Amino acid sequence: MPPKKRSRAKRSPRKKSQGRQLKVLLASLGLVGFLLVSLLLLSYLRQSWLPKPVPPVQTGEFVLEDLRVELESALLRSGISLDQVTTGQQNGIATFDVSSPYPPAEVLSSLAERVQRVTPAAHIDTGISSDAIAVYLENRIVYLVRFAPPPVEPPPPPPEPLPPTPAPPTRARVAIIMDDLGQDMHSARTLLNIDLAVTFAIIPQNEKAPRVAALAHQAGREVLVHIPMEPKGYPAMNPGADALFVKLPAEEVRRRFQGYLKRVPHAVGGNNHMGSQFTQNREQMAVVIEEMRKAGLFFVDSRTSGKSVAFDVARAAGVPAAGRDVFLDNVQKEELIAQEIRKLVRLAIKKGQAVGICHPYPQTMAALRREAGYIRSQGVEVVPVSQLLVR
């Protein structure tokens with residue numbers, strides 16, 4: 001039996017109407033989309049093909065500020081600091097007065113390019129004068145830069161010479177002369193064992209005079225001729241054989257003095273033994289000093305008289321001289337001698353130097369040994385008497 005054919009159900013008129021509306025809507029949307037895409041494409045093509053309009057020239061405040069920045073930058077690049085620039089106004093034009101030479105061509109070329117980048121309406125003019133640059137905006141000057149090399153300052157005056165540096169304070173010094181040596185070797189050796197640079201004054205007539213002089217010289221001690229001279233009160237006070245007396249002829253004074261030098265080798269100077277009468281006589285002292293000058297000796301006035309002219313005569317003859325300040329052992333007691341040694345030290349500290357004279361008494365030797373440490377503790381140096389001469 002043949003199959004039965006399916007019968008198509010008939011669509012209602014309402015459904016047919018809805019289908020047609022949907023198709024119309026879809027077609028409309030497609031058309032709108034096509035139009036939008038076409039408009040976008042045309043706009044893009046128009047922007048690509050058409051030339052861009054030139055923006056109008058700006059001449060406002062911001063452009064002026066940009067030009068100023070470029071101008072200052074050009075100055076900085078040429079090695080000019082802003083401390084060298086003074087700004088101002090002249091007839092409505094901003095001015096820059098620069099304390100520097102005119103810039104080189106490469107700096108000006110760079111500046112010209114930079115102002116053009118700010119605005120095509122700007123340019124620079126380097127021809128207005130030999131020492132100025134004008135920056136124009138359109139047809140008017142907005143900045144004027146003037147260059148002037150800094151004045152050549154005169155060289156500073158030479159510094160005033162510094163005051164001389166004061167010499168460091170000299171150490172106080174004392175010289176201690178021990179008179180009357182040459183009687184024996186024991187006194188000389190005892191003195192050499194004391195740690196003080198005591199000067200040896202040796203009486204020529206003393207028996208051991210040559211040996212004591214040689215011993216002292218070998219030990220590095222300074223040697224003097226202890227010149228015997230007439231004292232007041234002679235003959236109660238006797239200076240010894242072959243001493244110098246006021247009534248002696250000048251030739252005899254010379255002969256006796258030359259004999260003294262033979263008895264005291266290594267002598268570098270001399271001082272008077274007694275002599276309170278002789279040292280007051282200017283004529284006789286002149287004879288002695290002349291002999292000392294010939295022998296290259298100096299003289300130390302023991303000052304056995306307040307009226308002694310010996311120091312003055314020596315200086316008048318050009319002979320270096322010194323004078324005694326303190327007798328250390330007028331009283332032969334160790335304690336009192338120690339006190340006189342300290343008095344000598346205080347005087348040296350006050351005056352810078354002082355000369356003391358003593359004798360080879362046991363008490364003097366003991367006091368010198370005892371006070372050696374005290375002298376050093378006071379910063380005082382015991383030196384040969386030749387270091388304290390007036391020359």
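**Exercise 1. The largest cavity**

Task: Determine how much space lies in the largest cavity of this predicted model, which residues line the cavity, and how the lining residues divide by class.

Solution. Step 1: The largest cavity holds about 50 Å³ of space, and a search of the whole structure finds one cavity of 30 Å³ or more.

Step 1: The lining of the largest cavity consists of Leu71, Ala74, Leu75, Pro103, Val107, Leu108, Leu111, Ile133, Val145 and Phe147. The elements that contribute two or more residues to this lining are helix 2 (61-77), helix 3 (105-118) and strand 5 (140-147).

Step 2: Sorted by class, the lining of the largest cavity has 10 nonpolar residues, with no polar and no charged ones.

**Exercise 2. Helix 4 against helix 5**

Task: Decide whether helix 4 and helix 5 are roughly parallel or oblique to each other, and name the residues through which they meet.

Solution. Step 1: Helix 4 (residues 185-192) and helix 5 (residues 209-218) pack at about 15°, and their axes are 10 Å apart.

Step 1: Since angles under 35 degrees count as roughly parallel, helix 4 and helix 5 are therefore roughly parallel to each other. The crossing in which helix 4 passes helix 5 is right-handed.

Step 2: From helix 4, Met185, Ala188, Arg189 and Leu192 meet Arg211, Val212 and Leu215 of helix 5. The contact is made up of five nonpolar, no polar and two charged residues.

**Exercise 3. Helix 6 against helix 7**

Task: Work out how helix 6 and helix 7 are oriented to each other, and describe the make-up of their contact.

Solution. Step 1: The axes of helix 6 (residues 250-263) and helix 7 (residues 282-295) cross at roughly 40° and come within 10 Å.

Step 1: Helix 6 and helix 7 are therefore oblique to each other, and helix 6 passes helix 7 in a crossing that is right-handed.

Step 2: Helix 6 makes the contact with Ala250, Val253, Arg254, Phe257, Gln258 and Leu261, and helix 7 with Gln284, Val287, Val288, Glu291, Met292 and Ala295. By class, these residues divide into eight nonpolar, two polar and two charged.

**Exercise 4. Backbone exceptions**

Task: Locate the cis peptide bond that joins tyrosine 234 and proline 235, and state where the positive phi of aspartate 180 is found.

Solution. Step 1: As background, most residues other than glycine have a negative phi, and most peptide bonds are trans.

Step 1: Tyrosine 234 and proline 235 are joined by a cis peptide bond whose omega is about 10°. Proline 235 belongs to the loop between strand 8 (223-229) and helix 6.

Step 2: Aspartate 180, a residue other than glycine, has a positive phi near 65°, and this aspartate 180 is part of strand 6.

**Exercise 5. Helix 9 against helix 10**

Task: Describe the crossing of helix 9 and helix 10, and give the classes of the residues in their contact.

Solution. Step 1: Helix 9 (residues 334-351) and helix 10 (residues 362-377) have axes that come within 9 Å and cross at roughly 40°, which makes helix 9 oblique to helix 10. Helix 9 passes helix 10 in a right-handed crossing.

Step 1: The residues of helix 9 that meet helix 10 include Ile337, Ile341 and Val345, and among their counterparts in helix 10 are Ala367, Leu368 and Tyr374.

Step 2: The whole contact of helix 9 with helix 10 has nine nonpolar, two polar and five charged residues.

Terms used: Residues numbered from 1 in each chain as written. Predicted model: local features only at pLDDT ≥ 70, side-chain atom pairs only at ≥ 80, totals over all residues. Heavy atoms only, no water. 1 Å grid on protein atoms, 1.4 Å probe; cavity = no way out; pocket = protein on both sides within 12 Å on 5 of 7 lines; lining within 4 Å. Points joined across faces, edges and corners; volume = space filled by probe spheres on them. Helix = DSSP H or I, 4+ residues; strand = E, 2+ residues; numbered from the N terminus. Nonpolar A, V, L, I, M, F, W, Y, C, P; charged D, E, K, R; others polar. Axes fitted to C-alpha atoms, helices over the stretch in contact; angles between N-to-C directions. Parallel < 35°, antiparallel > 145°, perpendicular 65-115°, else oblique. Left-handed = near helix turned anticlockwise from the far one by under 90°. Contact = heavy atoms within 4.5 Å.
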